[in-house]
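Please read this briefing with the sequence and the 3D structure at hand. The notes are grouped by topic.

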Amino acid sequence: MRVGINLMSVIPGKIGGMEQYVRNLLAYSMNAGDGHQWFLFLSSHNFHTFEAQKNVRKFMIPDHGNAHAMLHFWINSLQLNLWFCPLLVLNPADVTIPSVINIPDIQHEYYPEFFDAHSLRWRKDNYQSSAQRCSAVLTLSEFSKQTILQKFELPPHKVHAIHLDASREFSLPHNEALNQQVIQKYTLPSGYGFFPANTWHHKNHLNVFKALVTLRDKHNIRIPMVFTGFAQEAHQNVMNYITNNQLWNQVKWLHYVPQEEMPYLYRNAQFLCFPSLFEGFGIPLVEAMKSNIPIVCSNAGSIPEVVGDAALTFDPNISDDIAVKLAHLYLSPDARAELVAKGIHQAKHFSWEKCARETLAVFSSVAR
């Protein structure tokens, strides 16, 4: 099978868990040894970050010019059997060969207020039409599958829920020299809670900070917290809240962290805090389970599906509930140990080999 993949919208380091999805899925699929040929369509900002291999060819689509016409030219001249768009929508929308897209979630259907007018209009104009035009839709959880079926009125056989895994770095042997380097580089505090997420509105940073203020002012509990992620739409409000409530003495913000260092930010943490209002999957949840740290998290979206019984959950809309659960996990070694044990068991449900195998099965079915 000759598979073309549109990767032009992969912006290194800036699209969160979906970049990990794309890179890990491709790595495991391309090494499956099943004779498939892969054709990657890239842009100037990511061309150098993907490697050509024996069964992989790369093509750069210029940032200027008629990308639509160029993609059609290559799809036809390379005689591709399948066109895969792993990031949100079908592009070109009028592709004439079997096609598969990945829609991780349809958050805009439930929280339109989190999007500016242009982004919301683009999603409304492209998500459903892409789902209807393509041959199959991949998504990341049964939760997302059910929302897509409900909102877009698609036949059930067209939408496939395929779970992800933690990135490959989380399966590497522990490197104590790198561990010490990370601790010193970022001057990590002891016993910190960890929250890796760009400051999108749905990640719900503000309610975590409100919980920290409640714990500090009403209960004299000061939990150190470490955050990573790029600045997004909610960033200024988050920064203002930290400053106005004098939280900087217990908050460390690291922004972007290289992927090879991320496992050590997890392993040195006392727990993962994941307060998201809406998720299609939630890769940090699996990363935490594979790092043997406990999870305190939202009970919304796909999160309960991913964590099973291996997390202490809260209502993400109620900061007092977040505060109670944070304090319980922070102060109780027994609770942490119990959740770690459950997380080790739950993590066995996720693997990139399984993700790649199930994805390739959809490709084969569609191409036939």
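This is a predicted model: local features need pLDDT of at least 70, side-chain atom pairs count only at pLDDT 80 or more; totals for chains, interfaces and linings use all residues.

Residues are numbered from 1 along each chain as its sequence is written, and side-chain values use heavy atoms, with hydrogens and water left out.

**Nonpolar cores**

- The largest nonpolar core has 97 residues; such a core is a set of buried Ala, Val, Leu, Ile, Met, Phe, Trp, Tyr and Cys residues joined through side-chain atoms within 4.5 Å. Buried means under 20% relative accessible area, exposed over 50%, and partly exposed in between, with a 1.4 Å probe and protein chains only.
- Tyr21, Phe209, Leu265 and Leu326 have the most contacts inside this core.
- Helix 13 (residues 352–367) gives the most to the core, with 7 residues. Helices (H or I, at least four residues) and strands (E, at least two) are DSSP runs, numbered from the N terminus.
- Apart from this core lies another, of 27 residues, with Met8, Ile75, Val89 and Ile103 among them.
- Not counting residues up to four places away in sequence, Leu265 touches Val182, Tyr186, Leu188, Tyr192, Phe194, Thr228, Leu254 and Val257; contact means heavy atoms within 4.5 Å.
- In soluble globular proteins, nonpolar side chains tend to be buried together.

**Helix pairs**

- Helix 1 (residues 17–30) and helix 13 have axes that come within 9 Å and cross at roughly 80°. Axes are lines fitted to C-alpha atoms, for helices over the stretch in contact, and angles run from 0 to 180 degrees between N-to-C directions.
- Helix 1 and helix 13 are therefore roughly perpendicular to each other. Angles under 35 degrees count as roughly parallel, over 145 as roughly antiparallel, 65 to 115 as roughly perpendicular and the rest as oblique.
- On the helix 1 side of this contact are Gln20, Tyr21, Asn24, Leu25, Tyr28 and Ser29, which meet Trp352, Glu353, Cys355, Ala356, Thr359 and Leu360 in helix 13.
- The residues of the contact of helix 1 with helix 13 divide into 7 nonpolar, 4 polar and 1 charged. Here Ala, Val, Leu, Ile, Met, Phe, Trp, Tyr, Cys and Pro count as nonpolar, Asp, Glu, Lys and Arg as charged, and the others, Gly among them, as polar.
- For helix 6 (residues 205–219) and helix 7 (residues 235–244), the axes come within 10 Å and cross at roughly 10°, which makes helix 6 roughly parallel to helix 7.
- His205, Leu206, Phe209, Lys210 and Val213 in helix 6 meet Asn237, Val238, Tyr241 and Ile242 in helix 7; the residues of this contact divide into 6 nonpolar, 2 polar and 1 charged.

**Buried residues**

- Asn102 lies in strand 5 (residues 99–102) and counts as buried at 1% relative accessibility.
- The side chains of Asn102 and Tyr21 are joined by a polar contact of 3.1 Å. A polar contact is a pair of N or O atoms within 3.5 Å; within protein, one must be able to donate a hydrogen and the other to accept it, and residues adjacent in sequence count only if both atoms are side-chain atoms.
- Glu279 lies in the loop between strand 11 (271–274) and helix 9 (283–290), and counts as buried at 7% relative accessibility.
- The Glu279 side chain makes polar contacts with the side chains of Lys203 at 2.5 Å and Ser276 at 2.8 Å.
- Gly280 lies in the loop between strand 11 and helix 9 and is buried, with a relative accessible area of 3%.
- The C-alpha atoms of Gly280 and Thr139 are separated by 7.7 Å, with the two residues 141 residues apart along the chain.

**Backbone features**

- The peptide bond from Asn91 to Pro92 is cis, with omega near 0°; Pro92 is in the loop between strand 4 (82–85) and strand 5.
- Thr187 is not a glycine, although phi is positive, at about 40°. Thr187 is exposed, at 53% relative accessibility.
- Gln246, a residue other than glycine, has a positive phi near 50° and is exposed, with a relative accessible area of 62%.
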